[in-house]
Amino acid sequence: MPTILKAESLSRALPDGRVLLDRVSLEIASGDRVAIQGPAGSGKTLLLRALALLDPTSTGTVFWLGSLVPDAQVPSYRSHVAYLSQTPALADGTVETNLRLPFSLGIYNTGSYDQPRVLALLERLGRDESFLAQPVSALSGGERQIVALVRLLQLEPAVLLLDEPTAALDPESTLSAQELIEGWADADSQRAYVWVSHDDRQAQTVSKRRIRMEGGRVQ
């Protein structure tokens with residue numbers, strides 16, 4: 001399968017000389033399902049954020065479909081390569097406010113909020129229509145992860161960069177989320193994801209390829 005996302009020699013160091021990412025190179029092909037594991041502080045989150053062009057690197061390059069991403073095209077790139085944080089940021093208001101929010105942004109203004117589709121996604125995660133009216137301030141950590149996951153999936157990106165997306169979920173919801181993400185990937189053979197997980201069983205279940213990071217390096 002063709003390479004769609006490629007990182008070459010990504011490095012990041014602090015002013016005191018500590019190296020957080022050390023010449024990391026990685027290729028993601030169409031249909032790839034990659035799990036990344038490693039101890040805390042090994043650079044897993046930093047790598048995903050670098051791939052999403054959210055954090056600067058000291059050296060290295062990210063290519064999308066074989067080309068560099070110009071600064072002006074970064075918002076468009078992030079609509080295709082979407083990062084999901086372990087502790088997602090949500091806006092004030094209700095769950096539905098947050099699910100509608102992306103369509104107020106210029107990059108998504110050709111689309112529109114589809115409540116029936118959103119409800120179908122939420123139902124897969126054990127939530128009904130009443131969940132839409134819940135204030136974000138009352139949500140648990142797991143519920144915030146559910147909102148963030150549905151918010152991304154409704155936008156149909158090409159690549160998901162998943163940073164412990166089920167870490168705050170109970171076992172039943174974790175399984176539902178895994179199945180939902182895998183179903184998203186199954187729906188289009190070109191879709192790919194990179195999934196950071198501390199759970200060996202989960203990493204084995206969701207991946208076709210597993211990578212280990214230690215000390216900012218891919219082992």
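**Cores and pocket**

Modeller: A nonpolar core is a set of buried Ala, Val, Leu, Ile, Met, Phe, Trp, Tyr and Cys residues joined through side-chain atoms within 4.5 Å, where buried means under 20% relative accessible area with a 1.4 Å probe and protein chains only. In this predicted model, local features need pLDDT of at least 70 and side-chain atom pairs 80 or more, while totals for chains, interfaces and linings use all residues. Residues are numbered from 1 along each chain, and side-chain values use heavy atoms, without hydrogens and water. The largest nonpolar core has 36 residues, of which Leu99, Leu132, Leu149, Leu160 and Tyr193 touch the most other members.

Biologist: Which element gives the largest share of this core?

Modeller: Helices (H or I, at least four residues) and strands (E, at least two) are DSSP runs numbered from the N terminus, and here H5 supplies the largest share, 7 residues.

Biologist: What does Leucine 160 touch?

Modeller: With contact taken as heavy atoms within 4.5 Å, and residues up to four places away in sequence not counted, Leucine 160 touches Ala82, Leu152, Leu153, Ile181, Trp184, Ala192, Tyr193 and Val194. Apart from this core lies another, of 29 residues, including Leu21 and Met213.

Biologist: How should I read the largest pocket?

Modeller: On a 1 Å grid over the protein atoms alone, a pocket is an open set of points where a 1.4 Å probe fits, with protein on both sides within 12 Å along at least five of seven lines, and lining residues have an atom within 4 Å of a point. The largest pocket has 22 lining residues, the closest to its centre being Tyr83, Leu105, Tyr108, Arg151 and Leu152, and E6 gives the most to this lining, with 4 residues.

Key. Buried means under 20% relative accessible area, exposed over 50%, partly exposed in between (1.4 Å probe, protein chains only).
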